[in-house]
Amino acid sequence: MKANYGYKDGSGEFFITLDTDRCTACGDCVEACPYGVLEVVDDPVDPLSDVQVAVVTEAERKKIKYTCGPCKPVVDRPPLPCMTACPEDVIAHSW
Amino acid sequence: MISAGIDVGAKNVKVLIQEDGKVLGKGSVLAGLDMGADIKEAFDAAFKDAGIARDKVEKLYATGAGRNEVKDADDSYTEVGADAAGVAYLYPEARTVIDVGAEEGRAIRVDERGKVVDFAINERCAAGAGAFTEAMARALEMPLEELGKISLTSTKAVPMNAQCAVFGESEVVSLIHQKTEKRDIARAVHDAMATRITSMARRVGVQPEVALIGGVAKNVGFVESLERDLELEVMIPDDPEFVSALGAALLAAGIAK
Amino acid sequence: MAEDTNSKEYWRWTESNWRDPDIDWKAGEIISVGIDVGSVSSQAVILVDGKLYAYSNMRTGSDSPKSAENAMDWALEGTGMTQDDIHYVVGTGYGRVNVPFAKRAITEIACHARGANFMYGPTIKTVLDMGGQDCKAIRVDQKGKVVAFLMNDKCAAGTGRGMEVFANLLGIHITEVGEMSLRVEEEPPMVSSTCVVFAKSEASGLLREGWPKEKVLAAYCLAMAHRVVDLLERLGVEEDFAITGGIGKNVGVVSRIEKELGIKALKPTLDTQIAGALGGALFARALEQKGRKSK
Ligand code: SF4
Ligand code: SF4
């Protein structure tokens, strides 16, 4: 499943897409993110299964453009900690 | 040399006239429907303020979103370029410029010579600019100036969840209903806004000294929240909303490059 | 329904309740309930062995637990059923954690997907829900399981709230916006700002320039439709396609979305506002069954 967390506002599209079918709930991304954007919980869109997956925390969903800002300097942008940490290539950022 | 800079912003049109680095006069008008008329009016105000005739100005540079509307400008610069030039003249020690206007926020990193190294912009979303505080002041039914002042007296940090000026208004109204003190709401508004501006600034890397310009720099509540968030003091010139126009005028005169 | 005197109320619809008199709930094995406490409206749906038995749809008050109670009570009205007869209650919607008698809270996305699958049948693939304060796009499989989704509740553009700002600016009633926006001979260029705040100043400018209200509305409905289509394209649209939620009743926006996508939205057979609560009730039934099996 492709879970798109984030938003589109007047200034652009800011989505973190998590491909939950590949997620093993290892929690490496949670550890790597310096700002607590990610967490591992029971899959919120599949309530009948007991599978755990990574999600963007409720508190961050409306402001990831800002929270992720420091990870995304305008020049010489390094690889993102969350994406680098994930062994299963679950995480993608739209901006 | 006497030169002029005009900043055709989203909300105001500002003109500044200078001679050899000394400001002779300024004029500002609210932008309405007829851009041509606004530009003329802003010029008239600035010439009146300077007490000189229009033909004394040897060169005119334009900046701002509507800079192409200024037909008789000798050249035009982006807001980023004009901001950097203006700040480099006022504060040569500044390495970071934060400009918060009515409809746009910008962060610019400049080198020792005042040259732009890189920049980030918050645009086209009212939540990232002065329009946000204006809308919240309206929801609180108080003048903007008052909003800034009472924010300083707040004793409690209340979180604000809305990241949109429209939803923010509803949140402010419900905070009022919950009997949250107005001064604490004011601080919540400024804290929220400051967080957005700070993270934009972090994208260019915040290096001291930091200069804050643009109309929102006059809001003392916002300034306090921003300084708390940045964990440093910012430098604010006397007329922060005229710095872009000043930059354009200095570029026109060749004082800034 | 009492006359609404609050001009700030941004989405109006008729409150309603419904019951299927042919179902004898006492003969049912599992009575499951879904309660959706949204920002504007709340619904309760009662299923008897997976069949739709009763529902209510009413305004959300300032207190979420109370709104949940009210919706529940109204759905129960005239059924002879009491809360003690219900086996499992699921809460959903933005007030989902505040449904006092719910055994479990489930996200809107999961519930809407499941509810749409029930409402439109297994051929439904893409659901667009345009509510008072958010906009969701969901891709589902034939079983109603979510394949992909996105939810935008950060920005007022593309929501009922954004539309209300325009209705207020023009001094017309929110329910008239859609029809009125279609009374133009030719589509004007769309309002260029996405941001509701900036779009509002743009519209004020257009009015001062002498544009009639119809034309301004057309320009805004067009912008809103375009924005939503943009969002949908992130997921990809596959037929069958349906639009639910408050704006789903605005013909000015819906017809323009259909036009831009080149696809027609399915006509609903039930009140689309109950989709979330319906999905919740379906999950409640499944969870009750699961619980009984494991005993
Ligand atoms: S970009 Fe940075 S802040 Fe954003 S989720 Fe990844 S690690 Fe966290
Ligand atoms: S409507 Fe709100 S979130 Fe959307 S662009 Fe405007 S201020 Fe930003």
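Which residues are around ligand 1? In this predicted model, they are A:C33, A:P34, A:Y35, A:V37, A:C68, A:C71, A:L80, A:P81, A:C82 and A:H93. Every one of these names carries the letter of chain A. By class, the shell divides into 9 nonpolar residues and 1 polar residue, with no charged residue.

Look next at the cysteines. A:C68, one of the residues around ligand 1, counts as buried because its relative accessibility is 7%, under the 20% limit. A:C26 counts as partly exposed because its relative accessibility is 43%, between the limits of 20% and 50%. How many disulfides are there over all chains? The count is 0. A:C26 illustrates this: the nearest cysteine sulfur belongs to A:C86 and is 6.1 Å away. A disulfide needs the two sulfur atoms within 2.5 Å, so A:C26 is in no disulfide.

Now move to ligand 2. Where does ligand 2 lie? It sits between chains A, B and C. The shell around ligand 2 has 14 residues. Those that come nearest are A:G10, B:C125, B:C164, C:C155 and C:C195. The shell divides into 10 nonpolar, 1 polar and 3 charged residues.

From ligand 2, turn to the chains themselves. The size of an interface is often given as the accessible area lost when the parts come together. Start with chain A and chain C. The area buried between them is about 2100 Å². Carbon and sulfur atoms give 56% of that area. On the chain A side, A:K8, A:P47 and A:L48 lose the most area to chain C. Together they account for 31% of what that side buries. The contact takes 22 residues from chain A and 29 residues from chain C.

Polar links also cross this interface. There are 5 salt bridges between chain A and chain C. In one salt bridge, the side chain of C:K145 meets that of A:D46, at 3.2 Å from N to O. The interface of chain A and chain C also has 12 residue pairs in polar contact.

Chain B and chain C form another interface. Here 12 residues of chain B are in contact with 15 residues of chain C. The buried area is about 1100 Å², and carbon and sulfur atoms give 71% of it. B:L33, B:V166 and B:F167 supply 50% of the area that chain B buries against chain C, more than any other three residues. How many salt bridges link chain B and chain C? The count is 0. Across this interface, 1 residue pair is in polar contact.

Definitions and conventions
Residues are numbered from 1 along each chain as its sequence is written. Chains are lettered from A and ligands numbered from 1 in the order in which they are written. This is a predicted model: local features need pLDDT of at least 70, side-chain atom pairs count only at pLDDT 80 or more; totals for chains, interfaces and linings use all residues. Side-chain values use heavy atoms; hydrogens and water are left out. Buried means under 20% relative accessible area, exposed over 50%, partly exposed in between (1.4 Å probe, protein chains only). A residue is near a molecule or strand if one of its heavy atoms lies within 4 Å of it. Ala, Val, Leu, Ile, Met, Phe, Trp, Tyr, Cys and Pro count as nonpolar, Asp, Glu, Lys and Arg as charged, and the others, Gly among them, as polar. Contact means heavy atoms within 4.5 Å. Buried area is the accessible area (1.4 Å probe) that two parts lose on being put together, summed over both. A salt bridge is a side-chain nitrogen of Lys or Arg within 4 Å of a carboxyl oxygen of Asp or Glu. A polar contact is a pair of N or O atoms within 3.5 Å; within protein, one must be able to donate a hydrogen and the other to accept it, and residues adjacent in sequence count only if both atoms are side-chain atoms.
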